[in-house]
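Biologist: I am new to this structure, and I would like to learn how to read its features one at a time. Could we look at it together?

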Amino acid sequence: MDPKPAVSSAPSKQPEDRRWRMVDRAMRLHGFQPHALIETLHAVQESFGYLDMDALKYVADGLKVPLSQVYGVATFYHFFSLKPAGEHTCVVCMGTACYIGGAAEIIKGVGEQYKIAPGETTRDGKLSLVVARCIGSCGLAPAVVFDNEVDGKSTPKSVLEKLGRWTNS
Amino acid sequence: MTLEELQEIAQGELEKQLGFKHQINVCVAAGCLSCQSDLVKDAIQQEVVRRGMESTTRVKGVGCLGLCTAGPLLTVDDKTLYQGVVAADASDIVEALGGSPVQRLDCSVQMPFFSRQHKIVLENCGKIDPERVEEYIAAGGYLALYKALTKMTPPEVVDQISKSGLRGRGGAGFPTGLKWSMVSKSLNSTKYVICNADEGDPGAFMDRSVLESDPHRVIEGMALAAYAVGANHGFIYVRAEYPLAVKRLKIAISQAEKMGLLGYNIFNTTFSFDIKIRLGAGAFVCGEETALIASIEGRRGTPRPRPPFPAEFGLWGYPTLINNVETLANVAPIIAKGGEWFAGIGTEKSKGTKVFALAGRVKNTGLIEVPMGTLLRDIVFDIGGGIPGGGKFKAVQTGGPSGGCIPEQFLDMPVDYESLAKVGSIMGSGGMIIMDHTSCMVDVAKFFMEFCMSESCGKCVPCRVGTAQMHDILCKITEGNASEADVAMLEDLCDLVRNTSLCGLGQTSPNPVLSTMRYFKDEYMAHVVDKTCPSGTCKIHSHVGGVK
């Protein structure tokens with residue numbers, strides 16, 4: 001890449017939150033160049049769990065990228081979420097192997113029990129239901145991820161049991 | 001780093017290994033980890049310590065052992081394989097060391113699942129600790145890079161790859177040697193090598209396993225590619241959904257940098273090369289070369305028309321070589337053993353081996369590597385162990401959303417690029433999903449169309465609108481509301497989208513529909529005319545006045 005001089009254009013208004021440091025670090029690491037946009041958004045999502053408008057503006061300022069472009073990128077990629085996630089997240093894999101194994105039934109079961117569609121969070125903010133394209137655990141299909149813990153060979157019943165422990169407590 | 005230093009590390013590691021009487025290798029790749037294999041490993045380690053055997057017994061975490069369905073897996077002294085191990089089995093396993101294996105956990109390594117495989121890409125998987133470069137070096141790692149840098153010119157390296165007949169393992173099967181020579185011919189002094197680890201196909205996990213089990217193999221392959229084409233910078237574009245692979249890649253890169261296997265003047269030559277990781281963000285279209293480049297540049301991952309190909313005008317406008325993980329993992333053995341050795345494996349036009357991720361309705365799900373040209377029947381029934389629960393084989397899906405469903409009458413077909421294309425599917429990246437009589441083929445086609453529809457980047461109209469229209473019709477069919485005119489319209493749309501879309505995603509999106517229509521037309525007709533789903537998957541409500 002072109003070794004352009006690193007412009008230290010850290011935004012003038014430094015929010016107090018310590019979590020911004022990780023975001024700043026990601027931008028600094030790439031010399032505040034526009035191509036660091038996706039990497040920076042990853043850092044934001046890791047720190048805050050989601051991308052809100054303030055964060056998008058902060059990143060746009062820092063990298064000197066139009067806000068429209070930042071918004072465009074943030075909405076293009078499925079991995080970025082513009083809404084805060086619930087306290088717990090249940091990711092149902094919908095890869096081919098999991099689909100053949102009955103993942104659709106699991107989504108239906110969870111949806112009926114908690115009245116949420118994929119991508120939504122329950123009203124009390126306890127549970128988010130997410131559908132993944134393929135988490136690559138096809139050998140364990142159907143696979144469901146409970147807060148970063150992969151569980152294989154799931155059924156609607158086993159999933160609802162596990163979720164019950166989160167939502168009843 | 002010099003050759004002597006490399007040999008010293010290898011020697012030291014081998015001596016260390018010989019110092020142990022017993023080796024217990026526990027699989028800590030994603031599949032087994034999700035069955036808590038890390039707890040198993042800790043329990044065995046504690047048991048070994050409790051018995052005061054830590055000086056004679058070594059417990060280590062290794063990469064994927066292949067038979068993911070029977071996890072957690074572990075091997076003892078490379079001879080015995082245990083399956084379905086839990087932490088409570090630790091004391092029995094340690095007790096049985098040196099004697100006869102624990103019967104209830106024993107898994108025969110003689111079964112066809114293991115004996116029919118031919119491992120090149122996966123040769124280190126399950127043998128070495130992916131987080132220690134010393135073990136990779138002890139297994140002969142980085143010797144190919146040394147050989148290329150000190151004894152071969154870049155054109156000679158390209159020549160060996162051309163001779164080997166290696167073709168891109170990402171799906172399309174473009175000859176790798178040709179791609180390399182295209183990039184190497186460019187006179188531009190800045191060039192890039194990109195490793196495409198954006199394994200987006202639903203139902204494929206080969207690349208993830210390679211990255212988790214043997215990351216240095218990919219790094220060495222990239223360095224060799226960079227030397228051959230004259231590049232000094234590399235990127236690995238890896239899915240953010242694979243955190244373990246990312247973590248191990250980061251460890252591997254920093255180890256290689258510390259040892260001088262990456263960085264300036266590698267092996268005291270003038271060759272310099274560095275690798276950076278870029279995280280994908282969940283866009284299937286970014287597997288397409290030009291979209292991937294756009295994503296690394298920090299933009300939306302939309303493809304652009306080719307030519308110019310990335311080989312001439314790639315990352316930031318510079319010549320760029322993009323290869324898939326598995327392709328790059330094949331490079332080091334080819335350089336070490338010569339292109340002719342590799343060309344001796346496989347069929348006339350498809351050389352070497354291919355890694356497949358077997359999944360779906362098959363007994364032995366997991367990761368396999370077989371020579372090109374292996375019969376489909378052997379893969380499904382011999383290696384895969386057939387359909388569980390007395391089900392009847394219906395079709396095997398290869399190539400993900402760009403591929404097709406292969407019915408029973410083609411089971412005796414050799415698996416290679418040409419044969420698969422002939423029956424309307426593609427090799428793809430290597431996902432192989434087996435379906436039995438409980439799967440509705442129209443529903444499967446709808447599943448893939450839904451995937452393509454939501455993954456379409458929206459840049460070109462045929463793909464953006466066409467996939468949505470096709471999905472609508474497929475929904476109508478599965479709901480029992482379609483007429484024969486709808487089926488005819490679906491066929492027309494397939495033709496249109498295939499011929500007018502901008503990139504591979506759109507061009508191949510009709511494949512699942514076309515192949516299921518070709519071989520399972522009767523199922524479509526059952527939905528349309530008789531308003532029934534033969535496999536009972538689709539919920540068709542009988543209603544009055546259905547269109548004939």
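**Reading the core, the strands and the contact**

Modeller: Bear in mind that this is a predicted model. The largest nonpolar core has 224 residues, and those with the most contacts inside it are A:Cys93, B:Leu224 and B:Ala225.

Biologist: How many bridges join strand 1 of chain A to strand 2 of chain A?

Modeller: In a regular strand the side chains alternate between the two faces of the sheet. In this case strand 1 (residues 88-93) of chain A runs parallel to strand 2 (residues 127-132) of chain A, and six bridges join them, with A:Val92 standing opposite A:Val131 of strand 2. Strand 1 of chain A also pairs with strand 3 (residues 144-146) of chain A, in the antiparallel sense and over three bridges, and there the bridge partner of A:Val92 is A:Val144.

Biologist: Is helix 10 of chain B mostly covered or mostly uncovered?

Modeller: Helix 10 (residues 206-213) of chain B is mostly covered, since eight of its eight residues are buried, among them B:Met206, B:Asp207 and B:Arg208.

Biologist: How many residues does the contact take from each chain?

Modeller: The contact takes 39 residues from chain B and 33 residues from chain A. By class, the side of chain B that touches chain A has 17 nonpolar, 15 polar and seven charged residues.

Definitions and conventions:
Residues numbered from 1 in each chain as written. Chains lettered and ligands numbered in written order. Predicted model: local features only at pLDDT ≥ 70, side-chain atom pairs only at ≥ 80, totals over all residues. Pairing = 2+ DSSP bridges. Helix = DSSP H or I, 4+ residues; strand = E, 2+ residues; numbered from the N terminus. Buried ≥ 20, exposed ≤ 12 C-beta atoms within 10 Å, placed from the backbone. Contact = placed C-beta atoms within 7 Å. Nonpolar A, V, L, I, M, F, W, Y, C, P; charged D, E, K, R; others polar. Core = buried A, V, L, I, M, F, W, Y, C linked by C-beta atoms within 7 Å.
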